[in-house]
Structures are given as C-alpha cells and as structure tokens.
Amino acid sequence: MSIFEYNGSALVAMVGKNCFAIASDRRLGVQLQTVATDFQRIFKIHDKLFIGLSGLATDAQTLYQRLVFRHKLYQLREERDMKPETFASLVSAILYEKRFGPYFCQPVIAGLGDEDKPFICTMDSIGAKELAKDFVVAGTASESLYGACEAMFKPDMEPEELFETISQALLSSVDRDCLSGWGGHVYVVTPTEVTERILKGRMD
Amino acid sequence: MECVFGLVGKGFALVVADTSAVHSILVHKSNEDKVMILDSHKLMGASGEPGDRVQFTEYIQKNVALYQFRNGIPLTTAAAANFTRGELATALRKNPYSVNILLAGYDKETGPSLYYIDYIASLHKVDKAAFGYGSYFSLAMMDRHYHRDMTVEEAIELVDKCIIEIRTRLVVAPPNFVIKIVDEKGAREYAWRESIKDAPLSAV
C-alpha cells in the first residue's frame, strides 16, 4: 500500500459566485482499521483562506503547524493577512524544500483574494501548483471525485446550491472508496460569513 | 503481541496494557508495567519496541516534570500530548521511535481526555482507542458496549469483556493485564488481571 493511502482522505474545493466551498471526509484510519470518525483535515488560516491537507496524517499535522507559524510571522511583519495566491506559493515553496524527502501530503487551498474573487488550487506532494477555475480534488478518492465534480459542477452557483453540489459530489465519491468516508465536513465561505456543516453519509 | 487500549468515562480515563515482555518465542517476564504515570494526573500507555518504549516514555516523563519545575504549574493533557507528538515527529525522519502511545489525563477545567499518538506521530483526541493485534477485538467490543459518561464499574466491566475477548481469540494472547485509572484524585494503578503469576524468587 502506498504511503499516501495509509490514513485515507478525500478533499474537494469548488468555486461559486463570489464564494467558495471546501469539503473533506472525516475518517482517520490505519490502513484497513478505522481509528476515528471525526478527524479534521481542513484548517482555517484566516477568515478568507482555508487549506485542506490530504495524505499522511502526521505530515498534514506537521505541515499545518509550519504554515500557521509562517502565516503568523507574515501577519506580524506585514500587518495584514496573506492573499491566497501568495499562500499557495508559500506552500509550494515549503513542499519543494523537502524535494528529496517530501511531506506525503497533497494540499487543497481555497480562499477569497482581491475584491473577494474566489481562488482555489491544489498541488502534489512536492509543490507543483495546479490552479483551476472550477474545482480541485485530492486524496484517495480523487479519481471518483473528478468524475462526480465534472458531472455536477456548473459555474456561478450561489452558496446554497454550491453547498448541495459539493456535498453530493463528496458523499457519492467517498462511497466508492473504502479508505475515506464516515461523513463529511463542509465549509462554505462568502465575503461576509463562513458556514461550517457536518454531513452524515454512509457510516462505513 | 502487545495490547494496549483505553477509554474515557464520566470524570475518569482508563488505560489497560498487557504485561508480557517478549523476545521472539521467549517470555522474559509477565509483570512488565507498560503504563507509565507521567505526573500526578497523566498516564501514558505505550506499546512497541521495548528499548524505544522505555527510553521514550521516560524522556517524556522527565520533560513533563522539568516543565513543572521551571514554570510552577503542570502541563495540561493536551499540551503533553502535543509535546509528545512533536518529539516523535522531529525524530521521524532522522531516527524514528517505534512506540505507539495512548495518553490519558485529567484536567480540572476540561475533565478527562484520551489521546491516540501513532508511532509516526499522528495525533488525535479520542474517546476510545487501541493498539496492536488486540485492537481488532478490543475496539470491536468497545464499539458495541461503550457509551459516553460510563461509570467506573461499567467501564471495568467493558475492560474485562475486552480482556476475555483477547484471551479467547488471539493466538498469542498475553496472559496478564494491568489497568490504570486517572481521575480528579490522580493517576494510579487500579487493578491487575492475572491468569499466570510469575514464580516467586526463592533463596538458594
């Protein structure tokens, strides 16, 4: 089994009309055994920037701690929050630093940039950025997620419809993957508010 | 194979570990204590390579004590768990420890808690957890019978069910177990469950 599939994960981010949504599954496993069903994979960097980390849980936790540290330093020096594009470049640089001994993580970054324009991107474990205008996916269920998102996505969705779409895409994809699932965790972010919801799917 | 498991009840947390010290086919002793008392209100049950287990848990114990000497107040359970994870994570890509840890503690403000820390430094706060081959049986038993806010009597009944299941179904089942509890009154040994007693030393 690949080291990326050791803990199991599923992540997806989608762009809507002046908003974005980022969703993850909730399973923490050790290969075939499920350890916890409330594992947090999506982290808030600031009110308009979220990062989801799929892959090996220990590296996701270490990487998250390093990124929060770097962002807090940035806030102290610049006296403002980081833009999503800048943060994506930071994550990419940190991952490439470990080119020959990488973190086994695939981040999904979603944020509202200048003039609250939604920004999403993903990258591989050594920092190759992949910008997208519609959706990005990561994790053990990524292949199913690509299919589900391609079928269900349409541009310029309002927050409520975006939430429905991303939830259906996530739940139907993790149902085809034994290593991810046990519910979902969805954040829908608009310029004025952040809505966090827990989904109940097939609990297996 | 080493069995460690633990659970959180109403105002207390339990950690149970087998007490066999095994080397290949030989059982060196059957009363090896694998649940270390970190400080007045913390327990650390550990399983894995014997050298690493003893060395790492003692290292954590001494550092927890050092913090208390330097700062005059004890670490919270969450802080101790994150410190432990940090040590494991730092060593992971240099000289990894092969120790799985269940850290249970009682804090006045937040009550009892249990932390699952993998040998590759994945940290998660849980209500019930287990390591080793015994986990297949104890986790299943706990999934069936565990509920939140169990009393000590109910929890010990559940622990006994798990031990019976391990003894019945695991081919190299350890004969003896130690149960330790941590609650408002502190961390202490609760009971032993022995089916084989070491022969007492006799004078020549």
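How many residue pairs are in polar contact between chain B and chain A? In this predicted model, the count is nine residue pairs, with both members at pLDDT 80 or more.

**View 1. The contact between chain B and chain A.** Chain A contributes 21 residues to the contact and chain B contributes 17 residues. Together the two chains bury about 1,300 Å², of which 45% lies on carbon and sulfur atoms. On the side of chain B, the residues that lose the most area to chain A are B:R85, B:R93 and B:H124, which together account for 40% of what that side buries.

**View 2. The salt bridge and the elements of chain B that touch chain A.** One salt bridge is counted between chain B and chain A, and in it the side chains of A:D59 and B:R93 meet at 2.8 Å, N to O. The elements of chain B that give two or more residues to the side touching chain A are α2 (77–92), β9 (123–126) and α3 (135–145), and the largest share, four residues, comes from α2(B). By class, this side of chain B has ten nonpolar, four polar and three charged residues.

**View 3. Strand β11 of chain A and its partners.** Six of the six residues of strand β11 (residues 184–189) of chain A are buried, so this strand is largely enclosed by the rest of the structure. A:G184, A:V186 and A:V188 point one way from β11(A), whereas A:H185, A:Y187 and A:V189 point the other way. Strand β2 (residues 20–25) of chain A pairs with β11(A) in the antiparallel sense over six bridges, with A:V188 as the bridge partner of A:A21. Strand β12 (residues 194–199) of chain A also runs antiparallel to β11(A), joined by six bridges, and here the bridge partner of A:V188 is A:T195. β11(A) and β12(A) form a hairpin, with four residues between them.

Technical notes. Residues are numbered from 1 along each chain as its sequence is written. Chains are lettered from A and ligands numbered from 1 in the order in which they are written. This is a predicted model: local features need pLDDT of at least 70, side-chain atom pairs count only at pLDDT 80 or more; totals for chains, interfaces and linings use all residues. Side-chain values use heavy atoms; hydrogens and water are left out. Contact means heavy atoms within 4.5 Å. Buried area is the accessible area (1.4 Å probe) that two parts lose on being put together, summed over both. A salt bridge is a side-chain nitrogen of Lys or Arg within 4 Å of a carboxyl oxygen of Asp or Glu. A polar contact is a pair of N or O atoms within 3.5 Å; within protein, one must be able to donate a hydrogen and the other to accept it, and residues adjacent in sequence count only if both atoms are side-chain atoms. Ala, Val, Leu, Ile, Met, Phe, Trp, Tyr, Cys and Pro count as nonpolar, Asp, Glu, Lys and Arg as charged, and the others, Gly among them, as polar. Buried means under 20% relative accessible area, exposed over 50%, partly exposed in between (1.4 Å probe, protein chains only). Two strands pair if DSSP finds at least two bridges between them.
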